[in-house]
Amino acid sequence: MKVISHSIGRKTALWMPVPNQYVLTDPVAGEIAQLIEDGFEKEKIVNLCVKSAGYPENEIDRLENELRQLMREEAKNQKQKYGDYNMEPLFNQMKDADFSEKYYRLLNQTFRVSFTSAEAQFAVHPKFAHLQTQPKESVNHHFRVFHHKKQFALKVNEEWVGFWPQEREHFFTGMFSQKLLEKIYTKNGNEWMGVFHASAVSFENNCLLFAGNSGAGKSTLAALLFSRGFDVLADDFVPVESKTGRVFRFPAALSVKKGAVDLLGSSFKRLKKAKEYHLPKQQKTVKYLPVNHFNSNSVNHVPCSGLVFVDYKPNSGFQLEEIPPEEAFARLVPDSWIYPSEENSKRFMEWFSNLHFFKLNYSDNEKMVAEIKTLFQKTKPQAS
Amino acid sequence: MMKKENKNRKNQSDEKNLTRKEALKKVGKYAAFTGASMLLVLSPKEAPAQSPGDSPRQAPRW
C-alpha cells in the first residue's frame, strides 16, 4: 500500500498505511512524501524543492527527515484488529447456560442474540430494546455475547469475532454494532468508508452530521430535530458506505442524559416513563429514546453534505459559523474509524472535500431548529 | 531489448521528475507566506467504537 495525498483546504492530508495515520501538513510536505515514496534520494529531494519551490534548504531538510521517519515507522504496539487477545480457550470452556436470549427484527431479518450474563445483556440490549420481537424458530443470524472474568467476547453465527477486556468495552459494543450493520445491509467491513462519532440527521434527502465531544449535546439536538419532523438516521455510531459516501440508517436508540430529559420531556411523553440506566464509569444516568426504526417508508441511506461541530453552552444563544476544512479534518479523524485501505482512504478524503463545515454553539433551542432547517436547504449534497 | 526497457524506465522517471517539478512550482507559491511546516499526525480509531462508557454496566434502577 502506498501513501495517499489529498488537498484539504489550504493543507494537504497524507494517509500513511503503516501504522494507519493521517498527517495534515503544508502542500510542500505532501510533495516531499510523494518524492520519498517514488524512491528519490534525500539530496535530490532537497535540491528539487529548493530550486523549484524556493523553500529554505534547512526547512526542506527537516521536513524530509521527519516524513521519512514517519513513513518508516513500523506499527508500534499494533493490536490485533478485532479485539486484543486470543481468549478463545477461556470462552470455549463456558457451557451453554445462557442468562437470556432476545430476538430483534431489523430490515426484514431476525437476529437471535444470546447473552451469557446480566452484564453482557446490559452492555448491548438497552440500545436495541425497541427492536425486540417475539422468539422465532427461523432466524437469519445468531449473535452470542459473552462476559466472563472481566472480558467481553462476541461470536457471530458460531464464529469468534473478538475478545475485549472490560475497560475497552466501547470497542466491543462498537464491533457488535459493526457486525449488526454488516448483516443488516449484507455488506462486508471493507465496503464501509468508516464509522463516525456523530448524530446523523436528514431532511429532504440531505444529511448533516453533528459531531462534538461527549456531552456536547449531539443526541439532545438530534432528538429535538426529530421532534420537529427531521429524520435521525443514526446516533453515536454513524456508518458511511465507501462506494457512495452515503450515510446509512443504524437504528440504535439515542442515549439521553438526565439533564436533557426535562427539556425533551414535553416532546417525548414516553421519555418520562422510560427506564433509567446508571453509567458508573461516567457517573451519569441516561434514558434511551428510540426514534429510529426501519419501516416500509423509511429512506435508509442519504447523501451527506456537511459536518457541524456542536457545543451546547448555557446562555450562548445561537452562533453558527463556517470553519476551515483543515480544522474540521483535524477534529473528525481522531474520533472516527476509517477502513484502512488505499482505495478507501482516497475515497474518504474525496468525500470529506465535498462537505461543508460549521461550528455551532447554542442554548436557544427554537432558534437552533429554525436555523438548522435553513442550513439543510443551503447545503446541497455533491453526490447521490 | 534490455536497452529499450532501460530507456523506457528512464523516460518514465524523467516524466515523474518533470511532474514533480511542476507540482513543486505550484506549491512554491505558498513558500513566501508560510512559516515552518508542521506535521499534524492524526490517528483514526483502530476499530469501530461507541462512546466510551455509554452502555450501562450495572443493573438499571427499576
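This briefing covers sheets, helices, aromatic pairs and selected residues of the structure above.

The model is predicted: local features need pLDDT of at least 70, side-chain atom pairs count only at pLDDT 80 or more, and totals for chains, interfaces and linings use all residues. Side-chain values use heavy atoms, without hydrogens or water, residues are numbered from 1 along each chain as its sequence is written, and chains are lettered from A and ligands numbered from 1 in the order in which they are written. Helices (H or I, at least four residues) and strands (E, at least two) are DSSP runs, numbered from the N terminus.

- An open sheet holds 4 strands in the order S1(A)-S2(A)-S3(A)-S1(B), with antiparallel pairing. Two strands pair if DSSP finds at least two bridges between them.
- Strand S1 (4-8) of chain A and strand S1 (40-42) of chain B stand at the edges; each has a single partner strand, so one side of each is left without a neighbour in the sheet.
- From one strand to the next, the twist averages 25°. Axes are lines fitted to C-alpha atoms, for helices over the stretch in contact, and angles run from 0 to 180 degrees between N-to-C directions.
- S1(A) is joined to strand S2 (residues 11-16) of chain A by 5 bridges, and the two run antiparallel. Ser5(A) has Leu14(A) as its bridge partner in S2(A).
- Helix H3 (residues 57-72) of chain A packs on the sheet. H3 touches S2 and strand S3 (21-25) of chain A together with S1 of chain B, and its direction makes about 30° with that of S2(A). Contact means heavy atoms within 4.5 Å.
- Helix H11 (residues 342-353) of chain A lies across S1, S2 and S3 of chain A, at about 5° to S1(A).

**Strands S10 and S14 of chain A**

- Strand S10 (residues 192-196) of chain A pairs with S14(A) in the antiparallel sense over 4 bridges. Trp192(A) stands opposite Glu241(A) in S14(A).
- In a regular strand the side chains alternate between the two faces of the sheet.
- In strand S14 (residues 238-241) of chain A, Val238(A) and Val240(A) point one way, Pro239(A) and Glu241(A) the other, and all are buried. Buried means under 20% relative accessible area, exposed over 50%, partly exposed in between (1.4 Å probe, protein chains only).

**Aromatic rings**

- Over all chains, the structure holds 29 aromatic pairs. Rings of Phe, Tyr and Trp (its six-membered ring) pair if their centres lie within 6.5 Å; planes under 30 degrees apart count as stacked, over 60 as edge-to-face and the rest as tilted.
- Phe226(A) and Phe268(A) form a stacked pair, 6.2 Å centre to centre with 20° between the planes.
- This pair links distant parts of the chain, 42 residues apart. Phe226(A) is in helix H7 (residues 218-227) of chain A, and Phe268(A) is in the loop between helix H8 (258-265) and helix H9 (269-273) of chain A.
- Phe226(A) is partly exposed at 25% relative accessibility, whereas Phe268(A) is buried at 4%.
- Ring pairs link a cluster of Tyr22(A), Phe196(A), Phe329(A), Phe348(A), Trp351(A), Phe352(A) and Phe357(A).

- Glu371(A) is found in helix H12 (residues 365-378) of chain A. Glu371(A) is partly exposed, with a relative accessible area of 29%.
- Ser363(A) is found in the loop between strand S22 (356-362) and H12 of chain A. Leaving aside neighbours within four places in sequence, Ser363(A) is in contact with Tyr312(A), Lys313(A), Pro314(A), Asn315(A), Ser316(A) and Gly317(A).
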